[in-house]
Amino acid sequence: MVLNNIEKLIEKYHNAETSIKEEAQLKAYFNGDSVAPEFEHYKPMFQYFSQSQKEQYTKDVPLKSKKTTLYQWISVAAVAVLMLGLVVPSFMGPTEAEKQEALLVYNQTMEAFSLISLGMNEGKTQLTNLALVGENINEGAQQASKLGTFSTITNKILKNNSN
Amino acid sequence: MKQADFVSLVMPFKDKVFRLAKRLLVSREEAEDATQEILLKLWKNNKKIGDYKNVEAFSMTMTKNFCLDRLKSKQASNLKIVHSNYTDNNTSLQHQVEAKDSVDWVSKIMEELPEQQKIIVQLRDIEEYDYDDIAKMLDMNETAIRVNLSRARKTIREKLTNTHQYGIK
């Protein structure tokens with residue numbers, strides 16, 4: 001009964017008159033274990049169909065989204081901005097306010113320098129005083145040595161007198 | 001359309017695209033390249049994808065045309081597609097090993113079919129599409145498809161019966 005049915009289905013199948021459902025029935029029958037020997041030779045065909053169904057595409061597809069192109073342009077824009085930041089100020093030069101500020105700072109520093117130099121000059125005069133003192137000390141030392149020779153001479157005189 | 005939407009749209013039928021490509025191009029690498037190409041083409045046109053009534057059918061048509069073009073260009077440049085699918089990872093179960101030889105034989109028989117019949121058998125017997133869908137994909141009428149399918153199935157049967165009875169290889 002079942003065999004009869006299967007035989008009919010196979011015939012219909014080869015005339016391409018079976019519906020999807022009937023084909024599924026055939027596949028189920030031939031993928032099962034109880035295939036009648038007279039239909040044995042159809043088995044590999046239906047098995048092959050069922051196996052092929054399971055084959056899968058496993059490779060990844062590199063989908064380039066629109067976003068990545070946007071990101072690329074962002075990097076370009078960043079570089080452009082950086083270049084502008086480096087190049088433009090050197091072309092433009094300092095503004096008027098900056099110039100004035102720089103002048104002010106310059107004047108202040110010059111003032112400070114002049115104050116320092118004043119202090120330095122004072123220090124220098126004090127140093128000359130010190131040099132004078134040194135000279136006086138030398139003179140004093142010379143006079144002291146004269147005094148020394150004087151005392152030796154007096155000693156000699158005293159010796160002569162005692163003899 | 002965002003990438004996630006696209007992937008979820010394409011997911012259900014990307015394997016079908018791959019299998020059809022493999023049926024026609026035989027080599028696994030070639031089929032993978034073709035599938036990638038087709039998915040990328042779809043992605044490039046992702047703004048228009050909403051206008052297509054049936055993206056899957058459209059993709060299958062694209063696949064068919066793409067693969068036939070590939071084959072044509074290969075033949076024109078006198079190159080043969082060399083395939084090295086030595087291992088078949090589908091037949092992994094122990095009890096399938098015995099039947100493996102004859103199952104492989106079916107795939108060889110299918111390789112010998114004319115392209116048109118290959119495509120129809122692939123779409124009908126493996127992917128289980130309706131005649132209606134196949135007619136749309138291939139831009140053929142249903143009767144022509146049935147005739148081709150019947151021919152292909154009978155060819156397979158004939159060759160299978162021959163090997164079964166005489167062991168011709």
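Helix 1 of chain A and helix 2 of chain A cross in a left-handed sense; that label applies if the near helix is turned anticlockwise from the far one by less than a right angle. This is a predicted model, in which local features need pLDDT of at least 70, side-chain atom pairs count only at pLDDT 80 or more, and totals for chains, interfaces and linings use all residues. Residues are numbered from 1 along each chain as its sequence is written, while chains are lettered from A and ligands numbered from 1 in the order in which they are written.

**Helix pair in chain A**
- The axes of helix 1 (residues 2-14) of chain A and helix 2 (residues 20-31) of chain A come within 10 Å and cross at roughly 120°.
- Helices here are DSSP runs (H or I, at least four residues), numbered from the N terminus.
- The two helices of chain A are therefore oblique to each other, the class left over once angles under 35 degrees (roughly parallel), over 145 (roughly antiparallel) and 65 to 115 (roughly perpendicular) are taken out.
- Helix 1 of chain A contributes Ile6(A), Leu9(A), Lys12(A) and Tyr13(A) to the contact; helix 2 of chain A contributes Glu22(A), Glu23(A), Gln25(A), Leu26(A) and Tyr29(A).
- Contact means C-beta atoms, placed from the backbone, within 7 Å.
- By class, this contact has five nonpolar, one polar and three charged residues.

**Chain A against chain B**
- The contact takes 22 residues from chain A and 33 residues from chain B.
- On the chain A side, helix 1 and helix 3 (43-53) each give two or more residues.
- Helix 3 of chain A supplies the largest share of that side, eight residues.
- The side of chain A that touches chain B has 10 nonpolar, nine polar and three charged residues.

**Largest nonpolar core**
- The core has 45 residues; such a core is a set of buried Ala, Val, Leu, Ile, Met, Phe, Trp, Tyr and Cys residues joined through C-beta atoms within 7 Å.
- Met45(A), Ala21(B), Ala34(B), Val106(B) and Ile120(B) touch the most other members.
- Helix 1 (residues 3-25) of chain B gives the largest share, seven residues.
- Ile120(B) touches Ile134(B), Ile145(B), Asn148(B), Leu149(B) and Ala152(B), not counting residues up to four places away in sequence.

**Leu138(B)**
- Leu138(B) sits in helix 6 (residues 131-138) of chain B.
- Leu138(B) counts as partly exposed because it has 19 C-beta neighbours inside 10 Å (buried needs 20 or more, exposed 12 or fewer).
- Leu138(B) touches Lys64(B) and Ile119(B), not counting residues up to four places away in sequence.
- Leu138(B) and Met62(B) are 76 residues apart in sequence and 9.8 Å apart in space, C-alpha to C-alpha.

How values were computed. Axes are lines fitted to C-alpha atoms, for helices over the stretch in contact, and angles run from 0 to 180 degrees between N-to-C directions. Two residues are in contact if their C-beta atoms, placed from the backbone, lie within 7 Å. Ala, Val, Leu, Ile, Met, Phe, Trp, Tyr, Cys and Pro count as nonpolar, Asp, Glu, Lys and Arg as charged, and the others, Gly among them, as polar.
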